[in-house]
Amino acid sequence: MANGSTSSYYKSNPTARRKRIKQQTAYNKTKNGKLIRSKANKLNRKLGTYGNGDGKDASHTGPNKGKLENPSTNRRRPRMKIKYA
């Protein structure tokens with residue numbers, strides 16, 4: 001599968017990649033970052049895919065709802081306006 005423009009940019013700009021990773025690391029430690037991660041883990045456990053190595057992702061289709069899906073399909077879908085609290 002071909003890399004997207006963002007992926008290509010960060011591969012060719014190591015300084016920008018380091019800066020992005022540093023920002024993402026800081027965000028993952030915030031209250032909101034932890035909340036997002038805990039909800040994703042909870043849904044993965046509910047669907048039975050957490051830690052079993054099946055290569056599937058939980059596609060968030062609504063609050064506390066989801067389905068199993070290939071990671072490439074799940075992560076390429078834009079969800080900019082959808083907010084699940």
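Author: Buried means under 20% relative accessible area, exposed means over 50%, and partly exposed lies in between, with a 1.4 Å probe and protein chains only. The model is predicted: local features need pLDDT of at least 70, side-chain atom pairs count only at pLDDT 80 or more, and totals for chains, interfaces and linings use all residues. Residues are numbered from 1 along each chain as its sequence is written, and side-chain values use heavy atoms, with hydrogens and water left out.

Reader: How many helices and strands does the protein chain have?

Author: Helices (H or I, at least four residues) and strands (E, at least two) are DSSP runs, numbered from the N terminus. The chain has 4 helices and 2 strands, in the order α-α-α-β-β-α from the N terminus on. Of its 85 residues, 13% are buried.

Reader: Is Asp57 buried or exposed, and what is it in contact with?

Author: Asp57, which lies in strand S1 (residues 57-62), counts as buried because its relative accessibility is 13%. Contact means heavy atoms within 4.5 Å. Leaving aside neighbours within four places in sequence, Asp57 is in contact with Asn44, Lys67, Leu68, Glu69, Pro71, Asn74 and Arg75.

Reader: Where is Ser72 found, and what does its accessibility of 35% make it?

Author: Ser72 is found in helix H4 (residues 71-76). At 35% relative accessibility, Ser72 counts as partly exposed. Its C-alpha atom is separated by 8.9 Å from that of Asp57, 15 residues apart along the chain.

Reader: How is the length of a helix judged, and what does H3 reach from its first C-alpha to its last?

Author: The expected span of a helix is 1.5 Å times one less than its number of residues. Helix H3 (residues 31-47) has 17 residues and reaches 25 Å from its first C-alpha to its last, close to the 24 Å expected.

Reader: Which residues of H3 are buried, and what covers them?

Author: Gly33, Leu43 and Asn44 are the buried residues of H3. They lie on the same side of H3, because they cover an arc of only 105° around the axis; the arc is that of the directions from the helix axis to the C-beta atoms. Their cover includes helix H2 (14-28), S1 and S2. On the other side of H3, Lys31, Lys42, Arg45 and Lys46 are exposed. Just after H3, Gly48 takes a positive phi of about 80°.

Reader: What is Lys65 in contact with?

Author: Lys65 is found in strand S2. Apart from neighbours within four places in sequence, Lys65 is in contact with Leu43, Ser59 and His60. Lys65 and Lys46 are 19 residues apart in sequence and 9.4 Å apart in space, C-alpha to C-alpha.
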